[in-house]
Amino acid sequence: MTAHDYGANRSSVRVSPAQHPARTLVRRGLLVAAATVAAGALLLTALGTQAGAAGTSLKTLAEAKGVYFGTALTQSNLSNSTLTAVASSQFDMVTPGNEMKWDTTEPSNGTYNFAPGDAIVSYAQANGMRVRGHNLVWHSQLPSWVSSLPTAQVQAAMESHITTEATHYKGKVYSWDVVNEPFNDDGTLRQDAFYAAMGSGYIADALRTAHVADPNAKLYLNDYNIEGENAKSDAMYSLVASLRSQGVPIDGVGLESHFILGQVPSTMKANMQRFTALGVNVAVTELDDRILLPATAANLAQQATDYATVINDCLGVSGCVGVSQWGVGDADSWIPGFFSGYGAATMYDSNYQPKPAYNAAVTALGGAGSTSSPSASASASASPTSSPTGAAGSCRVADVVNAWNTGLTENITITNTGTSTVNGWSLGFTLASGQTVTSAWNTTISPSTGTVKATSLSYNGTLAPGAATTIGFQATHAGNTAAPASFTLNGSACSVG
Ligand code: G3I
């Protein structure tokens with residue numbers, strides 16, 4: 001597998017209407033949990049969460065629709081209190097990013113290490129979140145001792161691994177991705193160590209073994225590029241149909257959903273429906289939507305549309321149990337490390353401020369509390385949400401410049417250190433001589449040289465006391481890469497640092 005394997009595919013439409021009991025069951029569970037949710041909503045409002053519009057959260061809205069909203073978390077994420085504040089207030093499902101994979105859990109034959117996975121489970125339990133176990137069998141992040149085994153020993157090693165790990169987490173995970181990414185993009189099965197040892201039968205064997213170890217866990221096959229109807233999802237469909245007809249325990253199909261901006265397949269909902277018609281659930285398991293940087297207002301608006309499309313597709317299919325994003329914010333995303341030049345793939349910016357995609361998700365989930373509709377964000381203009389008020393000398397600006405020989409990017413975090421809410425803002429500063437702004441994100445900057453004003457957009461103009469927002473821009477320079485020496489917010493000087 002290469003990084004470029006992860007992307008969106010397009011194909012033709014085939015519709016199989018489906019009714020599935022799963023959503024009803026979840027809704028029944030929600031009735032039981034209703035009091036908890038209501039109490040939690042008060043707490044969330046009190047927390048105020050810098051994550052989004054006050055009084056709304058993705059998980060509360062999702063639960064009201066009978067689905068969950070999840071995120072991936074890694075162990076190192078747990079020591080970032082800003083990140084965990086967002087994670088626990090917004091998400092109700094956690095997928096360990098790496099901690100339950102074979103290279104971590106059984107690094108050498110018969111030696112198990114569950115400490116990293118346990119840390120994620122403890123965090124989830126402490127915050128009332130469920131866990132998607134990820135994963136038991138995968139060709140990647142597979143320790144070399146497995147692929148070096150004589151073929152005749154692979155089945156026993158696989159069964160032993162599944163039994164030991166699924167037993168360890170018995171009762172603690174909602175679901176398992178039992179086999180991860182079994183297919184090539186052309187729909188043939190990946191020729192990995194498991195296939196080499198057992199042929200296609202390794203998949204049924206893995207599912208049966210997991211079911212014995214944890215009969216209550218929902219058992220999934222998970223893959224990428226199976227979101228729309230195409231050769232790969234056709235192959236997954238045929239496999240699931242065959243497994244079901246043989247009575248093999250399989251409960252769901254995970255659609256990873258690592259999308260490229262503007263390329264959510266138009267057949268995604270129909271594809272989900274054909275799977276649920278087989279009697280299995282579907283889930284969006286690893287959603288992100290990568291942008292060729294820098295992210296412009298138009299890019300962010302398209303990303304908002306993409307997120308809304310995915311969520312609406314899931315909500316429109318009764319067997320779609322939830323949506324999980326792969327990482328909390330842009331700072332946690334795998335995208336920049338795997339796809340050169342791409343990033344900004346999640347709903348939160350690198351300071352955990354909600355992006356237009358967050359507001360679009362809230363709106364798609366039926367929330368009314370977002371600061372703007374996605375379409376308002378889509379037309380993201382220089383206009384503040386109302387006449388600028390507040391912030392008389394009550395602001396702090398932190399500025400980070402990354403420069404190269406002819407260009408630079410600058411990220412500016414504005415914090416309202418005053419006691420009144422800012423409703424629409426304009427940040428004034430003077431660019432160093434020779435610098436010319438070529439693009440900006442989360443703001444509009446005018447003019448492009450000299451003394452400029454960066455103006456709030458429809459989705460980030462409101463800054464409650466203590467709240468912060470981050471904007472940025474790319475510029476060319478002629479040798480002077482200095483950051484502005486001073487800033488004003490709505491005409492009043494800010495502290496810098
Ligand atoms: O732990 C080592 C560390 O010791 C070493 O110094 C460092 C140097 O590169 O690497 C660290 O391992 C990295 C590991 O993540 C843990 O951080 C690997 O290099 C890196 O390749 C690995 O990437 C993970 C990737 O799966 C591997 O395929 C990503 O974090 C993880 O988000 C990603 O998740 C996958 C899903 O499981 C399946 N679907 C696709 C998704 C995105 O690739």
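Biologist: At what angle do helix H7 and helix H9 pack, and how far apart are their axes?

Modeller: This is a predicted model, so keep that in mind. H7 covers residues 151–168 and H9 covers residues 201–213. They pack at about 30 degrees, and their axes are 8 Å apart.

Biologist: Is the crossing of H7 and H9 left-handed or right-handed?

Modeller: The H7 and H9 crossing is right-handed.

Biologist: Which residues meet there?

Modeller: H7 brings Gln155, Met158, Glu159, Ile162, Thr163, Ala166 and Thr167. On the H9 side you have Tyr202, Asp205, Ala206, Thr209, Ala210 and Ala213. By class, the contact of H7 with H9 has seven nonpolar, four polar and two charged residues.

Biologist: Now H10 and H11. What are the angle and the axis distance for that pair?

Modeller: Helix H10 is residues 231–245, and helix H11 is residues 268–276. The angle is about 15 degrees, with the axes 10 Å apart. Angles under 35 degrees count as roughly parallel. H10 and H11 are therefore roughly parallel to each other.

Biologist: What makes the contact between H10 and H11?

Modeller: From H10, the residues are Ser233, Asp234, Met236, Tyr237 and Val240. From H11, they are Asn271, Arg274 and Phe275. The residues in this contact of H10 with H11 divide into four nonpolar, two polar and two charged. The crossing of H10 and H11 is right-handed.

Biologist: And H14? How many of its residues are buried?

Modeller: Eight of nine, so that helix is mostly covered; H14 spans residues 356–364. The buried ones are Pro356, Ala357, Tyr358, Asn359, Ala360, Ala361, Val362 and Ala364.

Biologist: What follows H14?

Modeller: Gly366 comes after H14, and its phi is positive, near 95 degrees.

Biologist: Which residue has a positive phi although it is not a glycine?

Modeller: Asn225 has one, at about 60 degrees. Look for Asn225 in the loop between strand E5 (218–223) and H10. Asn225 counts as buried, at 4% relative accessibility.

Modeller: Asn490 has a positive phi too, about 50 degrees, and Asn490 is not a glycine. That residue, Asn490, is in the loop between strand E20 (488–489) and strand E21 (492–493).

Biologist: Is Asn490 buried or partly exposed?

Modeller: Asn490 is partly exposed, with a relative accessible area of 23%. The cut-off for buried is under 20%.

Biologist: Cis peptides next. Where is the cis bond to Pro294?

Modeller: The cis bond runs from Leu293 to Pro294, with omega near 0 degrees. Pro294 lies in the loop between strand E8 (281–292) and helix H12 (297–315).

Biologist: What joins Ser446 and Pro447?

Modeller: A cis peptide bond, with omega about -10 degrees. Pro447 is in the loop between strand E16 (444–446) and E17.

Biologist: While we're at E17, where does Thr455 sit?

Modeller: Thr455 is in strand E17, which is residues 451–455. Thr455 is buried, at 16% relative accessible area.

Biologist: How far apart are Thr455 and Trp425 in sequence and in space?

Modeller: They are 30 residues apart in sequence, and 6.0 Å apart in space, C-alpha to C-alpha.

Biologist: Switching to Ser257. Which loop holds that residue?

Modeller: The loop between strand E6 (252–255) and strand E7 (258–260). Ser257 is buried, and its relative accessible area is 0%.

Biologist: What is Ser257 in contact with, leaving aside neighbours within four places in sequence?

Modeller: Ser257 is in contact with Glu227, Met268, Val284, Glu286, Leu287 and Asp288.

Biologist: Zoom out. How many helices and strands does the protein have?

Modeller: The protein has 15 helices and 22 strands. Of its 497 residues, 56% count as buried.

Biologist: What about the accessible surface?

Modeller: The accessible surface comes to about 18100 Å², and 53% of that belongs to carbon and sulfur atoms.

Biologist: Last one. Among contacts between residues at least 6 apart in sequence, what share joins residues at least 24 apart?

Modeller: For those contacts, the share is 78%.

Key: Residues numbered from 1 in each chain as written. Predicted model: local features only at pLDDT ≥ 70, side-chain atom pairs only at ≥ 80, totals over all residues. Heavy atoms only, no water. Axes fitted to C-alpha atoms, helices over the stretch in contact; angles between N-to-C directions. Helix = DSSP H or I, 4+ residues; strand = E, 2+ residues; numbered from the N terminus. Parallel < 35°, antiparallel > 145°, perpendicular 65-115°, else oblique. Left-handed = near helix turned anticlockwise from the far one by under 90°. Contact = heavy atoms within 4.5 Å. Nonpolar A, V, L, I, M, F, W, Y, C, P; charged D, E, K, R; others polar. Buried < 20%, exposed > 50% of the residue type's maximum accessible area, 1.4 Å probe, protein only. Areas by Shrake-Rupley, 256 points an atom, 1.4 Å probe, with all protein chains shown as cover.
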